[in-house]
Amino acid sequence: ASSIIDHMRVFGHKSSTVKEKIDLSRSVASVLDMIEEQLAEAKIKIETDLSGLPSSILGHEVQVEQVLINLIGNARDAILSNPNINDKIIKLVLGHSEDGSKIELSVSDSGGGISESLIDRIFEPFFTTKEVGEGTGLGLSIIYGIIQEMGGDISASNTGDGACFKITLARYV
């Protein structure tokens, strides 16, 4: 508990303006260490495929972890808000573009997906698909800004049984 609290304190510090080399697979593992017990209590299974390939990017570690926590939290909320789901799964997959210049991270869930009529708006500030009082509508717009500031891209789509958020960032060598 002490190490988790110490790690959470990092979120309170202002990021420097200088970007640093970050191992994205290590950031994913760190975030999962922080929240795996919470997900296990909700009976949500985490599946990862971190590929073992180099996954260095340039950015701010705290912001990358903020992005991951928010996406995983949204996936958890989607799963828990749908009582008809049998297999409660959040999957994180790390890969590369064909030419190896970009790192791709997808976070998908079995939460039922996002309404096609709303999917184009989910990165807008103050837009939320959650019930009144359950969300601010700022999480995905903040994520979008962080990823854009890092020179990357984020998109959302529906899979057969849920939503998938795909982040693409330049690989740092």
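Trainee: What do the buried residues of helix 4 pack against?

Mentor: The buried residues of helix 4 pack against helix 3, strand 6 and strand 7, where contact means heavy atoms within 4.5 Å. This is a predicted model: local features need pLDDT of at least 70, side-chain atom pairs count only at pLDDT 80 or more, and totals for chains, interfaces and linings use all residues. Residues are numbered from 1 along each chain as its sequence is written, and side-chain values use heavy atoms, with hydrogens and water left out.

Trainee: Which residues of helix 4 are called buried, and what does the word require?

Mentor: In helix 4 (residues 139-149) they are Leu-140, Ser-141, Ile-143, Ile-146 and Ile-147. Buried means under 20% relative accessible area, exposed over 50% and partly exposed in between, with a 1.4 Å probe and protein chains only. Helices (H or I, at least four residues) and strands (E, at least two) are DSSP runs, numbered from the N terminus. Just after helix 4, Gly-151 has a positive phi of about 80 degrees.

Trainee: Why is helix 2 called oblique to helix 3?

Mentor: The axes of helix 2 (residues 24-41) and helix 3 (residues 61-80) come within 10 Å and cross at roughly 40 degrees. That angle makes helix 2 oblique to helix 3: under 35 degrees counts as roughly parallel, over 145 as roughly antiparallel, 65 to 115 as roughly perpendicular, and the rest as oblique. Axes are lines fitted to C-alpha atoms, for helices over the stretch in contact, and angles run from 0 to 180 degrees between N-to-C directions.

Trainee: What is the class make-up of the contact of helix 2 with helix 3?

Mentor: The contact has 11 nonpolar, three polar and four charged residues. Ala, Val, Leu, Ile, Met, Phe, Trp, Tyr, Cys and Pro count as nonpolar, Asp, Glu, Lys and Arg as charged, and the others, Gly among them, as polar.

Trainee: What makes strand 2 and strand 6 edge strands of the sheet?

Mentor: The open sheet has five strands in the order 2-4-5-7-6, with mixed pairing. Strand 2 (45-49) and strand 6 (153-158) each have a single partner strand, so one side of each lacks a neighbour in the sheet.

Trainee: How do you know that strand 4 and strand 5 pair?

Mentor: Two strands pair if DSSP finds at least two bridges between them. Seven bridges join strand 4 to strand 5, which run antiparallel, and Val-93 stands opposite Ser-106 in strand 5. Five bridges join strand 2 to strand 4, which run parallel.
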